[in-house]
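Subject: Handing over a structure

Dear colleague,

I am passing on to you the structure that we spoke of, and I would be glad if you would look through it before reading my notes. The sequence and the model come first, and the notes come after.

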There are 2 protein chains.
Amino acid sequence: MDNITENARAQMRKGVLEYCILCLLAKEDAYASSLLTQLKEANMIVVEGTLYPMLIRQKNQGLLTYRWEESPQGPPRKYYSLTDKGREQLALMDDAWREIIATIEEIKK
Amino acid sequence: MDNITENARAQMRKGVLEYCILCLLAKEDAYASSLLTQLKEANMIVVEGTLYPMLIRQKNQGLLTYRWEESPQGPPRKYYSLTDKGREQLALMDDAWREIIATIEEIKK
DNA sequence: TTTTAATACCTTGCAATACAAAGTACCAAA
DNA sequence: TTTGGTACTTTGTATTGCAAGGTATTAAAA
């Protein structure tokens, strides 16, 4: 895979990363490290330096809240969960995603 | 539509803009202004300050070439067309796009 | 007790880039 | 010769993705 292609894939991933986070949190509350693992398993390559600031942004936008929880081992975890506003936003992003897919299909014709 | 949502939509669009350009040029050669019109008609909001530098980048990557053509009225037009490399890249981006869609579907489960 | 390893969260500095806005240039018709 | 339409380009600012490094907690090993 050349650099150009990898860069293009990265662009596409970036575009939906915020959406993916809301999707995952809609299923269950999670802390950053576990989100990281889930996203990597889904081939959404992300690194800490991207995820942490993004969670903070989404929290500052009122889409997420968090609570601290003890960990069975290691430091405490910051569990994020969707707010009502976050759920509304997710619904809007579902629409946006469908529209993008439709747009590409249209352009492909 | 609030700012957060508009921003999220914009992020998604950005992610596929390079892809859209290659898709459009695969159908027929075009000059920047007409690409702008086509993209806007497809709801892919773009402005000149985004499109022109992007075309130059893609040309510098060897994905596009251009030729000048007289316009029926107004200044000459820079018609872009896909190179062989551009067509290869487009095929790779088709794959990347399918993968992203699959990833979201997976995450949505 | 000290060190090591694992886990987890956060920040800094750099590079890429999207966009608004302004600039340059060409052409034809008024 | 001025106006309006078309077209390409550049500049300055703000955002943000990422590599790399930093801080902190815990438990187990040395």
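This is a predicted model: local features need pLDDT of at least 70, side-chain atom pairs count only at pLDDT 80 or more; totals for chains, interfaces and linings use all residues.

Chain A contains 4 helices and 3 strands, and, read from the N terminus, its elements follow the order α-β-α-α-β-β-α. Along the principal axes, the C-alpha atoms of chain A fill a box of roughly 55 × 35 × 20 Å. Of the 109 residues in chain A, 28% are buried, and, where contacts within chain A link residues at least 6 apart in sequence, 46% of them join residues at least 24 apart.

Turning to the contact between the two protein chains, 32 residues come from chain A and 32 residues from chain B. On the side of chain A that touches chain B, the elements giving two or more residues are α1 and α4 (84-108) of chain A, and α1(A) provides the largest share, with 15 residues. By class, this side of chain A divides into 18 nonpolar, 7 polar and 7 charged residues.

Both DNA strands remain to be described. Around DNA strand C there are 23 residues, of which Y31(A), A32(A), S33(A), G49(B) and T50(B) are the closest. At least two residues of the surface near DNA strand C are supplied by each of α2 (32-41), α3 and β3 (77-82) of chain A and by each of α1 (3-27) and α3 of chain B, and the surface comprises 10 nonpolar, 8 polar and 5 charged residues.

Around DNA strand D there are 24 residues, and those that come nearest are G49(A), T50(A), P75(A), Y31(B) and A32(B). Here the elements that give two or more residues are α1 (3-27) and α3 (48-60) of chain A, together with α2 (32-41), α3 (48-60) and β3 (77-82) of chain B. The surface near DNA strand D divides into 10 nonpolar, 9 polar and 5 charged residues.

With kind regards

Conventions: Residues are numbered from 1 along each chain as its sequence is written. Chains are lettered from A and ligands numbered from 1 in the order in which they are written. A residue is near a molecule or strand if its C-beta atom, placed from the backbone, lies within 6 Å of it. Ala, Val, Leu, Ile, Met, Phe, Trp, Tyr, Cys and Pro count as nonpolar, Asp, Glu, Lys and Arg as charged, and the others, Gly among them, as polar. A residue is buried if 20 or more other C-beta atoms lie within 10 Å of its own, exposed if 12 or fewer, and partly exposed in between; C-beta atoms are placed from the backbone. Two residues are in contact if their C-beta atoms, placed from the backbone, lie within 7 Å.
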